[in-house]
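Hi,

Here is the structure I promised to pass on. Have it open while you read, and my notes follow below.

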Amino acid sequence: MTLLQVDGLTVRFGRAEVVGDVSFALERGERIGLIGESGSGKSMTALALIGLLPDDATTEGRALLDGDDLLTMSESKRCDLRGDRVGMIFQEPMTALNPVMRVGNQVAEVVRRHRGGSKRASWGRALELLARVEFTDPQRIASSYPHELSGGQRQRIMVAMAIACSPALVLADEPTTALDVTVQAQVLELLARLVSEEDAALVLISHDLAVVSGMCDRLLVMYGGRIVESGPTNVVLEQPRHPYTVGLLATSTAMAEGAARGRTLPTIRGSVPGLGQFPAGCVFRSRCERATDRCRTTPPLAGEGHAFACWHPVEPRVPVGGAA
Amino acid sequence: MTVQVAEPLQPEPLAEAEVEQRLQAGAWRRLLHDPSALIGGAIVAAVVRVALVALVWTPYDPLAQDYTHALAPMSWSHPFGTDEYGRDVLSRLMEGAKIVLLSGAVSVGIAVAGGVPIGLLAAMRGRVVDDLLMRAVDLVYAFPALLAAIVLAAALGASTVTAMVAIGIAYIPVFARVTRSSALQVVGSEYVLAARAYRRSKPAIVFRHVLPNIRAILIVQASLLFSLAILAEAGLSYLGLGTPDPEPSWGRMVQEAQDTLSRDPMLAFWPGIFIALAVLGFNLLGDGLRDVLDPRLRSTK
Amino acid sequence: MTAAVHAVDVPVLEARNVSKVYRGRGSSRTRSEVHALTNVSLEVQRGESLGIVGESGSGKSTLARLLLALEEPTSGEIRFTGDVVSGRPERELAELRRSVQVVFQDPMSSLDPRMRTRIAISEPLRALRIPGDHEARVHELLDAVGLPRDAADKVPHEFSGGQRQRIAIARALAPGPEVLLADEAVSALDVSVRAQVLNLLNRLIDEFGLTLVFISHDLSVIRWMCSRVVVLYRGEIVESGPTEQIYEHPQHPYTQALLAAVPRIGKPIGRSAT
C-alpha cells in the first residue's frame, strides 16, 4: 500500500493561497524531492503534513499516511506520530534543540517518548544512535550542550533523533542549507545511508537542485504553491517540459559549467511575486515568455509518471549524447 | 534547446508588496484595533484633556479653603465632595492631573536626556568607554530611587521637581541600557557598515541611522516609564517627599485623606483610583505600542 | 568616474602579511583569542575579477573589512593603489572611501529600513561631499541597475530581496568607485534572482570598468564571475591562481575536498552511482 497519499492539499492564509491543490503519492522506501524557491510552498507543504502550520492557516484536502489522514487527526495522535512514524529534520537545529538540555538526553527523550523504557536504556540507545550518525566519541557528544557543537554536528543529532524510532517516513526541510559545503556533503551522505538502512521513505525539501537530484528518485517542482512538474529525477532533469523547470535547470547548469559560455546567465524574467500575488490561472504566466490567453485557465498537472502543468510545454529535447 | 530569456529592456516591474508591507501599512490600523492601545490611549487622552482644562479653569480654586463646607459629600456643586479644609476635591483632582503629567514628563525627560546619550556613547565608542559607562550606570541602577529622593528632598526641600529629578535620574539606567542594546543592533547591521564604507562619520550615523531606527523602542520605553514615574511621584508625595502642601498631588491627597479616613473614606478613594487609572493608562498604551511596533522591529534586525 | 592615473602594475588593493586577532574579554590569562586571519597576502589588480572562496570560519568577512579599512589589521599592511591605508586616521582615507565600495550579503539588512530609496542611494554622495545633481544621479543609477524610476520613493520593505540587492548595488556605484567588493552579495537570493543580479554585476563591470572582489562560499558563483581565485581556510590562503586552473587541477587538499563536496546536478549522493 502507498505509504503517503496526498490529494488536493491546499493551504491558505486568509485569502492568500500558499499551497494549491498539491497531490502526490509516496511509496515505502521511496525518495522524493520537493524543489522550489521562496514562495513555492514547499515548506508549507511539509508543515501541513506534520501539523505544524501556524494557527491562522486553513487546510483542505487529504494526506493519508498508511490510511490515517494527517490533516484531520487530533493533536495528540500527531504527537504520537512525530518522532515515531515520521521523523523530521529542519533547517536550523539551534531552534529545534533545547539549549539547556544535554544532547544525549534529548535523543534519549525521543526514544523514551515513543518506545518507553528506563532512562538508562534510552541513554544507551541514544549513544548507539550517535555512533550511527558517525560520532567517534558518542559519550562526549551526548554530554554536550547544543551550543558547544558545530552546525554540522547539530544536524547529525537531528538526523539521529529523526531515525531514532525507525520511522516509515523522514521529512527533511532544507537540512543542509545552513551548513558549509564540506559538512553538507557529509550530512547528506549520512542521511542517505541511514534512510536506506531504515528502509524509510524520504521527502527532501530544498531550493538546491543539485542536492535534491542527487538524493531523490523523483522530483516535484513547485512554484507559487503548485506542483508544476513531477517525475523521475533523471527524466525531469533531461527532459524538462515546464518552462519554469527549464529556466531553473538552465541557470543551475550554466553556473556549474563556468564562464566559458560567455557572460550572461540564462534567467527567468521578473521575480517571484509576494504572498497572495500570484496570477490567477497558471501561476507562472506572469514570468513566462510562452504565456498566452489560454494560460488564464489553470493547466492541470497531467501525465503518467512524468507530469507537468502547462498549456505550452517546452518540446522534449532530442536525446543526444553530451550536453545540449 | 534551452530557454534563453534576454534581460528585459524595460526595467522589471516592482514586485507587489509582500507580507512585510502588509504589516507596515496595517500598523496604524492595528493600533486602532489593539485593545491595549485603545484603552490606554483613551485614558491618557482623558488625563491630558483634564490637565489642559485645569490649566485655564477649575470649578473652584483648588487651594481655596472653606471650613463651612468641610467634608461635604458628593453633590452637584461638589461632584467629588470637599476635603477636611473645605477644598473642592474635583478641582484638586483636576489640578492633580497637571502634576501627574508634569512629573511624568520631567522624569522621563531627564531619563531620556541622560540615558540616551549614555547608551549611544556606550554603543559606539568602543569597549573601554562602554565598560566604564555601563558600570557607572549599574551603580546608579543599584542605588534605590527612594533613597535618592529622600536625600534630595532633605538637601533641597521637598517639591514636585526635586522628586521628579530624583526619579528621572534613577531611570537613566533603564534608557541607557535600552538605547545601548538597540543601538548595538543597528550599528551591527550591514547598512551601517556600508555607511562607514562611504565615509559616514559616527555622529552622522547616529543621527541618520541609529536614532530613527531605535525611535520606536524608545517611545515604548518612555510610555512605560511614564506610568512608573506617576506611581513614584504619588508614592513620594504620599511620604511627604514630593509635592508639598497645599499643592494637590494625587499622592498627597491620599496621605491627607488618612486623617479623616473614618469620616470620609472616599477622600482617599478618588485620588487613589485615579492614580491607578493613570498608571494603567500609560502602561496599556506602552504595551499596545509595543505590540504594534514589535513585528516591524523584529523584521528590521 | 574618478580620473586618478596610476601606474599600470600597481595593484589597486593589496594585503601584505596581514593578520587579525580578535581578543575576548577578561584578563590576559582567561581571555580567548580568535585568529581570524594569519599572514594573508594578496593583490587585486586593476580591472580583474578576483574571487575569494571560503567557508564559515575562513576569515573571508574579516578580510573584506580589512580591505575596506573598516577594521585595522593586528599586523601587516593594507594598501590602496600603493599607499598604505591601514593605521591611517579616517580623515586621510577619503580617496579609498570614494574608490572602493561594497555590497553585502543580507538583503534584509543591507538597507536602512527607514530610508527611502532615493535617499539611500544618494547617501554616499552626501557623505563624500560629491557635488552635482544628486537627483539625476539617482535616476541614472536606478536605470543602470534595472529598477523603475518610481522605486526612488519606496522603502526597503516594499521590495523583494533581489531588488534590494540592486538598490545596494546602485548605492555602491553612486560615488563612481573603481573597485566593487561583493561580500556574499548573492548568497541570500533565490537561484533565479541570483542569475539576474550576477548578470547585472557583469554588465556593470563591463560598462564602468570596475575591478571586482567577489567573496563567497559558493564555488559555482565564483567560477562564473571570477578570473582569478584565492582559497581561504581557517584564516590562511591555501591556494590561489587562475580560476580554471584551480577548478580543474586543485593542488591543496582543502581545495580538493571543497570541490569534491559541491553537489552537482545528476551526481548521486550516498548511493552507488548508477
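Before the details, one term: two strands count as paired if DSSP finds at least two bridges between them. Also keep in mind that this is a predicted model.

Strand S9 (residues 228-233) of chain C is joined to S10(C) by six bridges, and the two run antiparallel. If you want one bridge to click on, Arg228(C) has Pro242(C) as its partner in S10(C).

That pair belongs to something wider. Chain C has an open sheet of six strands, ordered S6-S7-S8-S3-S9-S10, and the pairing is mixed. Strand S6 (100-103) and strand S10 (236-242) of chain C sit at the edges with a single partner strand each, so one side of each has no neighbour in the sheet. From one strand to the next, the twist averages 15°.

Two helices to look at here pack on the sheet:

- Helix H1 (residues 60-67) of chain C touches strand S3 (49-53), strand S7 (179-183), strand S8 (211-216) and S9 of chain C, and its direction makes about 155° with that of S7(C).
- Helix H5 (residues 161-173) of chain C touches S6 and S7 of chain C, and its direction makes about 175° with that of S6(C).

Next, where chain C meets chain A. The contact involves 31 residues of chain C and 37 residues of chain A. On the chain C side, the elements giving two or more residues are helix H6 (191-208), helix H7 (219-225) and helix H9 (253-261). Which of them gives the most? That is H6(C), with eight residues. By type, the chain C side splits into 14 nonpolar, eleven polar and six charged residues.

Finally, chain A itself. Its domain assignment gives domain 1 (4-239) and domain 2 (240-269 + 278-298). The centres of these two domains of chain A, taken over C-alpha atoms, are 29 Å apart. Twelve residues from domain 1 and eleven residues from domain 2 of chain A make up the contact between them. On the domain 1 side, helix H9 (209-215), strand S9 (218-223), strand S10 (226-232) and helix H10 (233-238) of chain A each supply at least two residues. S10(A) has the largest share of that side, with three residues. The domain 1 side divides into seven nonpolar, three polar and two charged residues.

Over to you!

Terms used. Residues are numbered from 1 along each chain as its sequence is written. Chains are lettered from A and ligands numbered from 1 in the order in which they are written. This is a predicted model: local features need pLDDT of at least 70, side-chain atom pairs count only at pLDDT 80 or more; totals for chains, interfaces and linings use all residues. Two residues are in contact if their C-beta atoms, placed from the backbone, lie within 7 Å. Helices (H or I, at least four residues) and strands (E, at least two) are DSSP runs, numbered from the N terminus. Ala, Val, Leu, Ile, Met, Phe, Trp, Tyr, Cys and Pro count as nonpolar, Asp, Glu, Lys and Arg as charged, and the others, Gly among them, as polar. Domain bounds come from an automatic or database domain assignment. Axes are lines fitted to C-alpha atoms, for helices over the stretch in contact, and angles run from 0 to 180 degrees between N-to-C directions.
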